[in-house]
Amino acid sequence: MSPALEATGLGVRYRRTWALRDCSLSVPTGRVAALVGPNGAGKTTLMHAAVGLLRPARGSVRVAGEAAFVAQDKPLYESFTVAEMLTFGRRMNTRWDDAAAADRLAGLGIPLKRKVSGLSGGQQAQVAVTLALAGRPDLLILDEPLANLDPLARHDVMRSIMAEVAGRELTVLLSSHVVSDLEETCDWLVVLNGGRLQVSGDIEELLDGHLVLTGPDEASAAGTQMVGGSRTGRQVSMLVRGAPPLDPRWQARRPGLEELVMGYLRSPESAALPGLTGVGA
Amino acid sequence: MIWVTWRQHRAQILVTATFLVLLGVLLLGSAMEASRYVAEHAPPGCPGAAVACGDLAVALGQRYDAVYSVFGWMPLVAPALIGAFWGAPLLGREYERGTHRLAWTQAVPVWRWLAVKLSLLGGAVVAGGLLLSLMVSLWRPVFRTGVDSTFGNIGVFNMVGVEPAAWWLYAFALGTAAGTLFRRTLPAMALVVAGVAVSMFTLFQLSDYYAEPARTELSGTVLLDDPDARLVSAAWVEPSGREVAEPADSGCPRRVDVGQSSKNAEAWQACLFGKGYRYAVYYHPPSRFWRFQWTEAGILALASAALGGLAVRRTLRRPG
């Protein structure tokens, strides 16, 4: 199956600094991909390049079919009514499902006659997501869709996106710097750090392929590929790839998503990418 | 896209249209009142150059000035407003609110978004400018038979012919380009106001060179008998035929005038004329009206195209 999103050697430069370097990744169709990384890692840059808001300096990024984008801060025209926002979407798109959009907003209890500026932050986010979905995209790209939302609104927004994914063949790429937001919904992970791609892969496979080892400082971890670790007193805790070590003093367990992400972000030199056999630190 | 353009810019379109309609009503009312006054009070053969028409001319002049003072500021202020409220927000507001990331990630490509908005709004601005010019051109002759000032008076010149349309379009393009430069509305508006003022002053200075000035030599007076001509420069011609800025060793006593009187200057000029001096005047006759109109409109149209191209280039290069 062809990937929904594919970047090859992608590099984006702002004046003299590289926001994204040599980034090659692909997200398979039908996945819900989490794009995580600290602030300034290049998440927004990657998304903007994917939807054509930025011209890459190097390489290319390609979307199979139509992409819809919800930018950070979920921009809408504040002086428009919700109904006028829908008209905007209809006039600006070739594929447009007006009935589905109206149904969605009715289901969410958002009045069509209300001005956008009169909606709550959560409602504005829902209108922005509704607009993006009504264009019947093949790929939905959401930049920090949950930022600035209260926990209830976060839950509602995620649930409505997931309902759409369950209904039809839709690939989603959403960014966040809060990993816990994504744990239950995403099945693909992309980690960016300092403009470089660190991890790209199926979440279950990644978790199965890594171990968290805890043991005394002097224990030998020979036979494993270390991603990164930390020391508390004489105890060492580290994230490794592959099989458990021979030294029996280690306690091994499967990492959580957050532990996996943190392990990589703390060691920017490590990477887990398809085609690489692992580059130990 | 047409609906989107209308919905986003209807406030400016409606305010401008309302203003033009109100001005039209004012001009129509004033012209009708003046026509009735002429019909009721004009002596036979008036309006005209005859002495008997003097009172009528004064009465019409007062009516003209009263209305002209209402919109005499328009040559400068109208383009500044058009640039600030039609041009500056076009891209500046989208960037400022982040809505460009909404508008330019729909199925309609960025270049088409730009093409439709620039052509529709630019077209509307040109139409508005032409309408203003038409109204002023129909209104003025009611008051000013025989005394024309469409060429000599730069304020009137900028309100008739193709000038308003050219200035409005230029201001619109300047505002649009400023919006991409600052990516914010308010600084773009400020730049437009300053830019229009500077451009108008510059073109006014430049207009002397739109054509080679005509030259005429006067004797007995220093005043050109055509009040609508544009004076470029003047000089004295010595009896020997040499042109000088200030006559030297002419032997005529030159005393400085005090207050409002020009008695001493006139006596000095009369003395010079008596000694065979002549006064050379370089000027543009009113017959060059259309030549000047099209020259200035051409400059402004080229500048508009350049600014519009700059705005498009900057936008397409980095839409995000």
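Before we start, a word on UniProt annotations: they may be inferred rather than shown by experiment, and their feature names are shortened here. Keep in mind, too, that this is a predicted model.

**Stop 1: chain B, the annotated spans.** Select residues 12–32, 70–92, 113–139, 189–207 and 292–312 of chain B; the unreviewed UniProt entry annotates them as "transmembrane region". Now zoom in on 12–32 of chain B: the span is 100% helix and 0% strand, with its end C-alpha atoms 30 Å apart. Next, pick 189–207 of chain B, where you'll find 95% helix and 0% strand, and 27 Å between the end C-alpha atoms.

**Stop 2: where two chains meet.** Two packed helices are described by the angle between their axes and the distance between the axes. Show α2 (residues 82–92) of chain A together with α1 (residues 2–41) of chain B: they pack at about 145 degrees, and their axes are 9 Å apart. On the α2(A) side, the contact is made by A:E84, A:T87, A:F88, A:R91 and A:M92, while α1(B) brings B:W3, B:V4 and B:R7. Sorted by class, that contact has four nonpolar, one polar and three charged residues.

**Stop 3: the sheet in chain A.** Hop over to chain A and color β2, β1 and β4: in that order, the three strands form an open, antiparallel sheet. β2 (17–28) and β4 (58–63) of chain A stand at the edges with a single partner strand each, so one side of each has no neighbour in the sheet. From one strand to the next, the twist averages 20 degrees.

Which residue of β4(A) is the bridge partner of A:E6? Click on A:R62, and you've got it. In total, five bridges join β1 (residues 3–14) of chain A to β4(A).

Note on methods
Residues are numbered from 1 along each chain as its sequence is written. Chains are lettered from A and ligands numbered from 1 in the order in which they are written. This is a predicted model: local features need pLDDT of at least 70, side-chain atom pairs count only at pLDDT 80 or more; totals for chains, interfaces and linings use all residues. Two strands pair if DSSP finds at least two bridges between them. Helices (H or I, at least four residues) and strands (E, at least two) are DSSP runs, numbered from the N terminus. Axes are lines fitted to C-alpha atoms, for helices over the stretch in contact, and angles run from 0 to 180 degrees between N-to-C directions. Two residues are in contact if their C-beta atoms, placed from the backbone, lie within 7 Å. Ala, Val, Leu, Ile, Met, Phe, Trp, Tyr, Cys and Pro count as nonpolar, Asp, Glu, Lys and Arg as charged, and the others, Gly among them, as polar.
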